[in-house]
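Please find below a short note on the model.

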Amino acid sequence: MKRAYKIEIKPTIKQKAKIHQTIGVCRFIYNFYIAHNKEIYETKQRFVSGMDFSKWLNNEFVPSNPDYVWIKEVSSKAVKQAIMNGEKSFKKFFKGEAGFPKFKKKNRQLVKAYFPKNNNTDWTVERHRVKVPTLGWVRLKEFGYIPTSSKVTSGTVSQKADRYYVSILVEEDAKAGCLKPYTEGIGVDLGLKDFAVCSNGAVNKNINKTSRVRKLEKKLRREQRRLSRKYEGLKKLKKSEKGEATRQNIQKQITKVQKLHQRLGNIRADYISKTVSELVKQKPSFITIEDLNVSGMMKNRHLAKAVQQQKFYEFRTKLAYKASIHGIEVRIVDRWYPSSKTCSECGAHKKDLKLSERTYKCSCGLVIDRDLNASINLANAKEYKTA
């Protein structure tokens, strides 16, 4: 089986310069491919594939434009992967799965440098270091996390908030002695009041309502206002007064904002991982969740931020991956299944149930928490599809 590992690295000054150069070229090539394709389509009504663009770039554009020779100074495989990523985004747009490809901005650091395995010595993993193609040996911040016996196929190097990470894809043997399910299946109702409510009564609170996260969000708003004021002050200065020191101060403030975003993201991702682990450790025969219409929920401007912070899709992907390792079936119930409006005791349907009603009261005498009632109905659902 294939498994991905992501770990922070500690590159040298020369390695950092090479990483910055490779990421910068990949970002430029990705944006150049989108702009070139847009121009060709408007004039000639045709789409340029990634392979055709790569041939045109190497055989025609760079030789005839000496100012762009710096494109050849980085790994050609990394440049080609950036082009193929652009082609993939166009294909998603044509299929209606995503919007029109957007240009990648420098400060957002959305680009990764891809390094394939060119020979047997590339991507050699040791306890405290890893050998990255074109970069050489790079020290790891965490020792012993990546198995040294694993066979690495490829990897990427990325930068986020002045920190550097390496993500590698390895081939591992299937784990022997997986957990054997022996308990009843459980239903999990995801929501905004509580993150996850299980049919067995377990409740996972909303991490975004804790004082720790709220303090960080308050600090983030304050740092974002400082950054905005720095930009406004830069606009008021004359061109002769816009020095390097002013831009360096802005970059320092950008790094502060990025670090806070990263810290909040790590807290939420860690909470989701722990929630998934708690579900899997219960060894259920199956886990049932609902196919939430997240894009529709995001259209409500009053709930959009809260929905985005919950990361429902990340929970679903992590749950499916973790459950597959331990042989647990993940069931996906249709989004139109009335789990909240159906009585889990008698099966009666309550059409006029309002969102403000947090307690479900049925004519049969059942009085139960709304989310717990929904999770029980999900566990008892007969129509579903497997993840």
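How much area do domain 1 and domain 2 bury between them, and what share of it is on carbon and sulfur atoms?

1. Basis. This is a predicted model, in which local features need pLDDT of at least 70 and side-chain atom pairs count only at pLDDT 80 or more, while totals for chains, interfaces and linings use all residues. Residues are numbered from 1 along each chain as its sequence is written, and side-chain values use heavy atoms, with hydrogens and water left out.

2. Domains. Domain 1 covers 1-173 and domain 2 covers 178-211 + 251-386; the bounds come from an automatic or database domain assignment. Their C-alpha centres are 34 Å apart.

3. Buried area. To the opening question: domain 1 and domain 2 bury about 700 Å² between them, with 47% of it on carbon and sulfur atoms. Buried area here is the accessible area (1.4 Å probe) that two parts lose on being put together, summed over both. On the side of domain 1 that touches domain 2, three residues are nonpolar, two polar and four charged. In this scheme Ala, Val, Leu, Ile, Met, Phe, Trp, Tyr, Cys and Pro are nonpolar, Asp, Glu, Lys and Arg charged, and the others, Gly among them, polar.

4. Contacts. Nine residues of domain 1 contact eight residues of domain 2 (heavy atoms within 4.5 Å). Between the domains there are zero salt bridges (a side-chain nitrogen of Lys or Arg within 4 Å of a carboxyl oxygen of Asp or Glu).

5. Cysteines. The model has zero disulfides (a pair of cysteine sulfur atoms within 2.5 Å). Cys343 is in none, and its nearest cysteine sulfur, that of Cys362, is 3.6 Å away. Cys362 is likewise in no disulfide; the nearest cysteine sulfur to Cys362 is that of Cys346, at 3.6 Å.
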